Amino acid sequence: MNDKLTTRDINTRASPESHDKPLDAPPPWDSSPWDFRLLFDHSPAGVYVVQKGQICYANPAMGELLGCSPALIIDQPLLSFVHPDDRPAVESQRRWRSEDTKTAPFLTRIVQANGTITAVEVMESLLNDPSPLNPPDDCVRVGVMIDVTARRTVDVEIQERLHFEQLLADLSAGFVNLPCDQIDSRIDTSLRSLVEFLGNDRSTFVEFGDDEDHVVISHSYAVPDCQPFPIGPFAVSHLPWFINEFRSGKNVFLRSIPQDLPAAAAKERAHCLEEGIQSNVAIPIKAGGERLGGLTFAFVRKRCEWPRDILSRLGLIGEVFANALLRRRNEQLLQKTMSENTRLRRQLEQENLYLREQAVVKHHHGKIIGHSDAITRVLADVERVATTDAPVLLTGETGTGKELLAQTIHELSDRKGRPMVVVNCASLPATLIESELFGRAAGAYTGAASAEIGRFELADGSTLFLDEIGEFPLELQAKLLRVLQDGRFERLGTAKTISVDVRIIAATNRDLEAATRKNLFYRLNVFPIRVPPLRDRREDIPPLTWAFVESFGRRMGKSIKTIPRKTMKQLQDHDWPGNIRELSNAVERAMILADSDTLHVDMPATSRDGTQPHKTLKEVERDQIQLVLERTGWRIRGSGGAAEQLDIKPTTLEARMAKLGITRPNR
Ligand SMILES: Nc1ncnc2c1ncn2[C@@H]1O[C@H](COP(=O)(O)OP(=O)(O)OP(=O)(O)O)[C@@H](O)[C@H]1O
């Protein structure tokens with residue numbers, strides 16, 4: 001027994017003042033009851049024994065937990081130390097079932113005599129078996145109690161962190177697939193949730209733009225007694241140190257203002273003083289690799305006690321805001337680009353339409369289509385001569401556009417204010433041509449009841465186009481030469497000389513240089529223009545074809561979108577003895593037959609490769625007239641009649657028919 005340790009022994013050995021006493025080696029361990037008591041005395045956990053609810057043993061650690069010496073605890077009901085709010089839970093926790101000999105560990109709070117509340121974990125077990133005569137509550141129980149305050153603090157921190165993470169997750173989830181027009185209001189409510197959770201007084205989202213001198217306050221929320229930041233541009237010069245700091249990508253963590261502010265932050269110091277800001281935290285935010293803005297958190301009522309590592313978590317939610325704003329910005333950009341695209345496409349369509357219309361309008365108004373060198377040279381001549389009064393002689397095969405060029409010359413001249421007067425010398429019977437051209441007096445000849453002015457008078461101050469001048473009757477040539485010479489003539493049946501100012505343009509597809517017409521030729525040949533046949537300017541075929549497609553399409557209510565490459569090649573390869581008129585007719589024929597938006601053209605017999613028999617111009621003309629007449633049921637006049645389809649006057653057609661010997665077959 002002598003060498004067994006007593007509590008005092010251990011205390012003496014453990015006390016600092018005993019250090020200077022030399023000690024023998026520690027005595028060997030003896031598992032006698034006394035040694036076990038010693039263990040309880042030194043146990044870091046509170047150990048107690050209760051019988052019939054009253055404490056009958058408490059070790060020193062238990063005394064410390066309950067806040068008084070173990071002697072004062074003895075005979076006290078253990079429940080009297082438990083926090084009144086926790087007592088029902090403790091009692092139910094200790095409701096023994098018959099087979100139970102120990103409780104599961106449970107948490108409760110102990111109230112010490114001085115009012116200190118300590119969180120403890122308790123576990124009890126029965127020392128003797130309960131029986132009907134000896135119910136568990138009457139049994140002897142041994143309990144272990146440990147202080148879990150520190151663990152509780154950690155638990156609370158973990159809980160708070162979990163709540164914070166949950167908040168961040170919820171806020172982030174709220175932005176997924178959020179329509180762009182709801183992003184602003186969602187950021188506002190998110191800032192509010194953050195302020196409410198984190199306990200600061202104002203949270204603000206700042207956007208950095210291209211403007212070096214300003215940032216933009218896009219969202220701000222403040223608790224009721226504090227002012228939110230005014231939304232809109234904010235001059236960097238108001239808080240230069242602060243804004244530049246976090247615009248350059250640094251976190252700003254000012255726990256104690258003004259102490260934490262550097263000397264350079266004079267404006268910030270004044271601002272915080274004025275607004276009563278005690279702490280301020282700012283986190284820069286990147287989105288899409290771009291420094292987009294930042295989140296700021298101001299504290300007015302108290303200082304910030306956040307741990308520093310909160311910054312990275314707040315940075316994450318900031319990124320969610322920034323990504324949403326970036327998405328909105330991109331979407332707006334996309335919208336803008338798309339509407340710009342639509343605008344441009346419309347414009348293009350309009351322009352295209354305009355261009356095509358132009359092509360058609362040009363055609364209808366006698367303007368020239370074609371960009372070949374040959375036609376460009378002709379047009380250059382046309383422009384050069386148009387503004388003069390010089391007579392022009394247009395030569396070229398039939399259908400090459402001589403009348404169109406005459407019209408163009410007229411329209412480019414100063415005479416364009418009055419219409420050009422056209423005389424087709426081939427279509428007028430020789431008997432009528434004199435009165436047609438020079439006018440007549442009443443009774444000038446049988447049937448001429450009234451006086452009538454002729455085309456020369458009609459064209460006074462304008463242009464007279466003498467088409468097919470080669471057909472002009474020889475007997476009238478002298479009169480014509482005179483008027484061409486000095487603009488003077490007499491009406492048929494009068495001696496009165498009339499003087500006119502007429503610009504003459506003549507056209508012919510036959511040789512004027514023949515002896516009989518030499519004088520006329522010299523008089524007219526002041527400014528000759530040779531109009532090239534279509535086969536000499538094949539590159540004009542595609543634009544001409546498209547112009548005719550548009551024109552006929554419009555008239556027929558058909559829309560042709562494509563012409564196969566092969567077809568266009570065939571059109572370009574063809575010799576077109578009837579020139580543009582023949583091309584126009586071929587396209588018209590194809591358009592009548594077209595039943596889709598693709599144009600297929602049945603090529604006329606002659607082609608450049610020589611596989612088809614070569615026809616003379618006359619034959620081609622005859623074939624063409626015959627074809628159109630057959631198609632129109634031999635109707636010459638009126639809308640859709642052969643003359644209109646051939647784009648010549650009915651009288652001209654009749655003259656040609658007579659000349660070519662085309663007659664209607666007997667039925
Ligand atoms: N460059 C062109 N651009 C557009 N259409 C043209 C062009 N040249 C001619 N045409 C058209 O071709 C057809 C024949 O033209 P035009 O009557 O001017 O020819 P022409 O040489 O006077 O014929 P003719 O000698 O048989 O009287 C007309 O429908 C005309 O509008």
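Guide: A crossing is left-handed if the near helix is turned anticlockwise from the far one by less than a right angle, and right-handed if clockwise. What follows concerns a predicted model.

Visitor: What makes H17 roughly perpendicular to H18?
Guide: Helix H17, residues 541-556, and helix H18, residues 565-573, pack at an angle of about 115°, with their axes 10 Å apart. Angles from 65 to 115 degrees count as roughly perpendicular, so that is the term for H17 and H18.

Visitor: Which residues meet there, and what are their classes?
Guide: Ile541, Pro542 and Thr545 of H17 meet Met568, Leu571 and Gln572 of H18. By class, this contact of H17 with H18 has four nonpolar and two polar residues, and no charged ones.

Visitor: Why is H20 called oblique to H22?
Guide: The angle between helix H20 (residues 617-631) and helix H22 (residues 650-660) is about 125°, and their axes are 11 Å apart. The roughly perpendicular range runs from 65 to 115 degrees, while roughly antiparallel needs an angle over 145; H20 is therefore oblique to H22. The crossing in which H20 passes H22 is left-handed.

Visitor: What residues make up the contact of H20 with H22?
Guide: On H20 they are Lys618, Glu621, Arg622 and Ile625, which meet Arg656, Met657 and Leu660 on H22. By class, the contact has four charged, three nonpolar and no polar residues.

Visitor: How do you know that H6 and H7 are roughly antiparallel?
Guide: Helix H6 (residues 149-175) and helix H7 (residues 183-198) pack at an angle of about 175°, with their axes 11 Å apart. Since angles over 145 degrees count as roughly antiparallel, the term applies to H6 and H7. The contact joins Phe164, Leu167, Leu171, Gly174 and Phe175 of H6 to Arg186, Ser190, Ser193 and Phe197 of H7, and by class it has five nonpolar, three polar and one charged residues.

Visitor: What is noted about the backbone at Lys52 and at Pro258?
Guide: Most residues other than glycine have a negative phi, and most peptide bonds are trans. Phi of Lys52, however, is near 50°, a positive value in a residue other than glycine, and Lys52 is found in the loop between strand S1 (46-51) and strand S2 (54-58). The peptide bond from Ile257 to Pro258 is cis, with omega near 10°, and Pro258 lies in the loop between strand S9 (252-254) and helix H9 (266-275).

Visitor: How many residues surround the ligand, and which are the closest?
Guide: The ligand is surrounded by 20 residues, of which the closest are Ile369, Thr398, Gly401, Lys402 and Glu403. Helix H12 (402-412) and helix H19 (579-593) are the elements that give two or more residues to this shell. By class, the shell has six nonpolar, nine polar and five charged residues, and at least three residues come from each of domain 3 (373-532) and domain 4 (562-660).

Methods: Residues are numbered from 1 along each chain as its sequence is written. This is a predicted model: local features need pLDDT of at least 70, side-chain atom pairs count only at pLDDT 80 or more; totals for chains, interfaces and linings use all residues. A residue is near a molecule or strand if its C-beta atom, placed from the backbone, lies within 6 Å of it. Helices (H or I, at least four residues) and strands (E, at least two) are DSSP runs, numbered from the N terminus. Ala, Val, Leu, Ile, Met, Phe, Trp, Tyr, Cys and Pro count as nonpolar, Asp, Glu, Lys and Arg as charged, and the others, Gly among them, as polar. Domain bounds come from an automatic or database domain assignment. Axes are lines fitted to C-alpha atoms, for helices over the stretch in contact, and angles run from 0 to 180 degrees between N-to-C directions. Angles under 35 degrees count as roughly parallel, over 145 as roughly antiparallel, 65 to 115 as roughly perpendicular and the rest as oblique. Two residues are in contact if their C-beta atoms, placed from the backbone, lie within 7 Å.
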